[in-house]
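Please look over the following structure and the briefing that accompanies it. The notes are grouped by topic.

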Amino acid sequence: MRTKKAQERKEHVTIWLETSSLEYLDALVERGVFENRSQAVRHAVRSFINMDKGLAKFIDLDNC
């Protein structure tokens, strides 16, 4: 069994989203853009982080 590196590990996060947002995500999943909701949400979070690098001044990047 392959051991994952620390940066590859995932943690469970629970979020609440508006129904319209979930319907949008579900439509993307139904059309094959993403395999499931989780993959779509991970993509959204990665996109947000990459777009908003300017927020880095508010966090200690050495501890992330």
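The largest pocket in this predicted model has a volume of about 690 Å³. A pocket here is an open set of points on a 1 Å grid over the protein atoms alone, where a 1.4 Å probe fits and protein lies on both sides within 12 Å along at least five of seven lines, and its volume is the space filled by probe spheres set on the points. As the model is predicted, local features need pLDDT of at least 70 and side-chain atom pairs count only at pLDDT 80 or more, while totals for chains, interfaces and linings use all residues. Residues are numbered from 1 along each chain as its sequence is written, and side-chain values use heavy atoms, with hydrogens and water left out.

**Lining of the largest pocket**
- The lining comprises 19 residues, a lining residue being one with an atom within 4 Å of a point; Glu-11, Val-13, Ser-38, Val-41 and Arg-42 lie nearest the centre of the pocket.
- Both α1 (19-30) and α2 (37-51) supply at least two residues of this lining, and the largest share, seven residues, comes from α2.
- By class, nine lining residues are nonpolar, three are polar and seven are charged, where charged denotes Asp, Glu, Lys and Arg, nonpolar denotes Ala, Val, Leu, Ile, Met, Phe, Trp, Tyr, Cys and Pro, and polar covers the others, Gly among them.

**Helices**
- The chain has two helices and zero strands, taken as DSSP runs (H or I, at least four residues, for helices; E, at least two, for strands) and numbered from the N terminus.
- The end C-alpha atoms of α2 are 21 Å apart, which agrees with the 21 Å that its 15 residues should span at 1.5 Å a residue, the expected span being 1.5 Å times one less than the number of residues.
- At the start of α2, a side-chain oxygen of Asn-36 comes to within 3.2 Å of the backbone nitrogen of Ser-38.
- Gly-32, which follows α1, has a positive phi, near 85°.

**Burial and exposure**
- Of the 64 residues in the chain, 6% are buried, meaning under 20% relative accessible area with a 1.4 Å probe and protein chains only, whereas exposed means over 50%.
- Ala-40 lies in helix α2 and counts as buried because its relative accessibility is 2%; its C-alpha atom is separated by 6.7 Å from that of Leu-25, 15 residues away along the chain.
- Thr-14, in the segment before α1, counts as exposed because its relative accessibility is 63%.

Key. A polar contact is a pair of N or O atoms within 3.5 Å; within protein, one must be able to donate a hydrogen and the other to accept it, and residues adjacent in sequence count only if both atoms are side-chain atoms.
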